[in-house]
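Colleague: I would like to learn how to read the sheet in this model. Please put the structure up and take me through it.

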Amino acid sequence: ARAKEKRYRLLVDHLPVGIYRTTPDGHFIEANPSLARMLGVRNPTALLRHNVKEFYVKKKDREEHLQKLATRPRFFTEFELRRASGRRIWVRDYCRAHENADGRVLFYDGILVDITERKNAEKKLRQAAEELRQGNEELESLSLTDHLTGLNNRRGFFTLGQQQMKIAKRLRKDSFLLYIDVDGLKKVNDALGHRAGDRILVAVAGILKETLRESDIIARIGGDEFAVLAMRSQRGGERALLGRLEDRIRAHNLGHAKRLRLSLSMGVVRYDPKRITSLEEFLAQADFHMYQQKRARVAAVET
């Protein structure tokens, strides 16, 4: 038996992982050299003068471990410890509770593995992934195109729209801005999911592309908001355009279920260089007219 115990102690002392046994309140009863090195203590004998609570970075981790051990005989977990020098390390703890016949805890024991390198590598990977995500978002913000509809995005609308306003002013061409809001999109998203909502947005984009000219600037400038900056043509101006859009919307709705039918609120403003000094102001006026139409429609339904 003595020889067997000696072989056991020799094995434990040379294991590259920390082996421990503590009292229920956390005082070390046994420890091997690897655990002492892991915690930055001179040797296992010196470690016996410490309580494991001294090494926890977060007090709540210790409390959670004891709660889990109260309901199950063993489990493993990962958490941070603080070495005697103050440097933090990550460990994986395979721990067990040993109880007597009455269910009272006699001691805890377990195996601690230093996983700091793995955690640091995971952190670097997360940082790299976050940098990549931010880079993609930055690239998307620099792009002029809305990825869902293929129309100009808000940046594209302002980039191209400002140029068109300068041309319209120089050539004294009549132009107008149409502001469109998709009615009830949030209800569709809530009831049917965002894929259904995306289908509606794509349908609106398709109707705008079919109805307008290539020279017109069409954009999705927000979640459910679209804008069109167009010059008057021989086919008429804003009234003719609104009529063609309404015809296409009706044709679309004939072939779709009620919950996926389109309803658009639209506001239109003629460009007056004497009154409108910027595209932002132009857009704000069209937005105001759109909301007037929306309010009038709601009032009509209520009466």
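Colleague: Where does Phe76 sit?

Modeller: Phe76 lies in strand β3. Strands (E, at least two residues) are DSSP runs, numbered from the N terminus, as are helices (H or I, at least four). This is a predicted model: local features need pLDDT of at least 70, side-chain atom pairs count only at pLDDT 80 or more, and totals for chains, interfaces and linings use all residues. Residues are numbered from 1 along each chain as its sequence is written, and side-chain values use heavy atoms, without hydrogens and water.

Colleague: Is Phe76 buried or exposed?

Modeller: Phe76 counts as exposed, because its relative accessibility is 52%. Buried means under 20% relative accessible area, exposed over 50%, partly exposed in between (1.4 Å probe, protein chains only).

Colleague: How do I read strand pairing?

Modeller: Strands of a sheet pair through backbone hydrogen bonds, either parallel or antiparallel. Two strands pair if DSSP finds at least two bridges between them. Here, five strands form an open sheet, ordered β2-β1-β5-β4-β3, with antiparallel pairing. β2 (28-31) and β3 (74-82) are at the edges with a single partner strand each, so one side of each has no neighbour in the sheet.

Colleague: How many bridges join β3 to β4?

Modeller: Nine, and the two strands run antiparallel. Glu78 stands opposite Arg92 in β4.

Colleague: And the other edge?

Modeller: β1 (residues 18-22) pairs with β2 over three bridges, also antiparallel. Tyr20 has Ala31 in β2 as its bridge partner. Five residues separate the strands in this hairpin, where Gly26 takes a positive phi near 105 degrees.
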